[in-house]
Amino acid sequence: MTVVSSVWPGAAYPLGATYDGAGTNFSLFSEVAEKVELCLIAKDGSEERINLDEVDGYVWHAYLPAVTPGQRYGFRVHGPWDPAAGQRCDASKLLLDPYGKSFHGDFDFSQALFSYDLEADDLATGGTPPRVDSLGHTMVSVVINPFFNWGSDRAPNTPYHETVIYEAHVKGMTQTHPGIPEDQRGTYAGLCHPVIIDHLKSLNVTAIELMPVHQFMHDHRLLELGLRNYWGYNTFGFFAPHHQYSSNHSAGGAVAEFKNMVRSFHAAGIEVILDVVYNHTAEGNHLGPTINFRGIDNAGYYRLLDGDSRLYKDFTGTGNSLNVRHPHSLQLIMDSLRYWVLDMHVDGFRFDLASTLAREFYDVDRLSAFFDLVQQDPVISQVKLIAEPWDIGEGGYQVGNFPGLWTEWNGQYRDTVRDYWRGEPATLNEFASRLTGSSDLYEATGRRPSASINFVTAHDGFTLADLVSYNEKHNEANGEDNRDGESHNRSWNCGVEGPTDDPAILELRAKQMRNVLATLMVSQGTPMISHGDEIGRTQGGNNNVYCQDSEIAWMDWSMCETNADLMTFARTVTTLRKNHPVFRRRRFFDGKLIRSGDEEIRDIAWLTAAGVPMTPQDWNAGFQCVAVFLNGEAIPAPDARGERVVDDSFLLCFNAHSDPVEFVAAEGDYAAEWTAEVDSATPTGTSDLVVKAGETFTVAARSIIALRKTA
């Protein structure tokens, strides 16, 4: 064990533990602390305590020349225990560094982690804490070596309109892949293995969006049920890659492995986006454990209930909400974001329950302090920023209301496309808006079609295969009597609930999956594929696998062979999008006449199956079929070199009817010879259909045909 013989004053910034090649600076914020001890933990579990006597602006700090990477440490904060005043200092708790970049060990959820008697829950809101030392029962922070050879690493900086996002889970994506060495499965090293990168490249993916990789806690309740917090939306370490996703078990090994993963993705031209959870922490409500924030400065880090500071405001359904009104909580978030960009080289963030970050008081405020900070930050403002634009609080649904820098998960796109393909009436107008980039949601804030992150499935809810196989959720394995998870899924089982051998139903389900994938790729906006949808991954009807670290949630890579046709189709439609800028315009359509040379042409036109322009009566007639003409010669925005973008024109024919529909290739302004590029009625999307103006052709029941102008 290191015996410290020299303690220097050090600096208040940067916060956390910072090794500079000679020693380590330690810094911790606490406005309520009366004394702070830095605790150096030896591998045998013994502890050396050092008083942090230097305090600047409520930041307690020291520099220890003898401390090097691999040193385990924590803090003990001495101060008031007064839950009624929102103060919960308990020096018997070894507290994790909020700025810790690596952690070691695990939590045992014994009495030692809690600042109240577990046998008398009422003491969580008052009384005297039992003062049981948590050393040996909790994780510890670890000093890391921040130096890494990035070589020639460069961020791909893929423009939004050229981006295809693939949402993935580090473990679920790699745990069963036969081409990944067993010791790398479920890890960052496995995720960047060439077999995974080749798979993503074959789908024309430009960005992988990782479900939470910040260090998180497995809920005690789930562990008692034999389950785990698989998704990871339970963060306590906003600077550390989750250590259980690392094949490198040395101190701080996860950091280097994560950096190597990012470097490998960048070399393949793939960006890395992190799903981040700054809206709450793993400590939960007043009955939760005391592992860091609660014991450091409870009222500074958490939103407390007005009129009863013993309790926590909860806009997330997890027990607490981070106090984004407090400058040091805001600093924590911004410092974390900058760290992941500057030190870990990630390319953007998807913010879980982002509406919570905008809550200044009760209402969601589009101009809240958090968004002001992001807007002016020279680092964070330049990366991809994606909001999940809702939380569970009143007024939390904010699709379309985020500021101009932001893109958003478009929940309305998801719902509309699901409804259209399952044959819900009166969805055609809405479907047209979503297909063309949702200008009704984003144009008013100066944003472009790419602000709409288009998705139909994601980690939360049914997979694509389950969306067309189940009418009801089947979450019995979660231990909550099927009460958890969304009950209104806008799904359709195609006639039978769950598995079936009926070839007609299986054929229809496969076609419905192809319909969704094709719609996603011909829609204006930024498409997102949920991992495994391209091979028909199923969760057996479970739409809430947050606790299923098992085959229920992991990708079954044998389905690449079982559903090879679906994989081929997915590659076909993503390639279609990649090759044709008419599907990824930088600006919204306006439908007006545009002069091109000696002609006046429209950028878009909506046609009936008969090949004539849609009328207001047609839009309101409840039709489930429509054709849309996309003019490749009327793309107003230039390319990156300022040159005009010219593409082929397309005629997209959608039929959500249960019967085939005869379409007529339009004459007049839209007259052409058309060749089918994609037909979702065929297993791989291939078709030899060629039609000329005025000719009739059949669009099969519940299918889409994409026709390209060839003459």
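This is a predicted model: local features need pLDDT of at least 70, side-chain atom pairs count only at pLDDT 80 or more; totals for chains, interfaces and linings use all residues.
Residues are numbered from 1 along each chain as its sequence is written, and side-chain values use heavy atoms, with hydrogens and water left out.

**Helix α13**
- Helix α13 covers residues 503–522, and its end C-alpha atoms are 29 Å apart, which agrees with the 28 Å that its 20 residues should span (1.5 Å times one less than the number of residues; helices are DSSP runs of H or I with at least four residues, and strands are runs of E with at least two).
- Because 15 of the 20 residues of α13 are buried, the helix is largely enclosed by the rest of the structure (buried means under 20% relative accessible area, exposed over 50%, and partly exposed in between, with a 1.4 Å probe and protein chains only).

**Salt bridges**
- The whole structure holds 30 salt bridges (a side-chain nitrogen of Lys or Arg within 4 Å of a carboxyl oxygen of Asp or Glu).
- R338 and D377 form one of these, with their closest N and O atoms 2.3 Å apart; R338 lies in helix α7 and D377 in the loop between α8 and β20, so the pair ties together parts that are 39 residues apart in sequence.
- Within this pair, R338 is partly exposed at 23%, whereas D377 is buried at 4%.
- Shared partners join K35, E37, E47, R49, R76 and D133 into one network of salt bridges, and in the bridge between R49 and E47 the closest N and O atoms are 3.1 Å apart.
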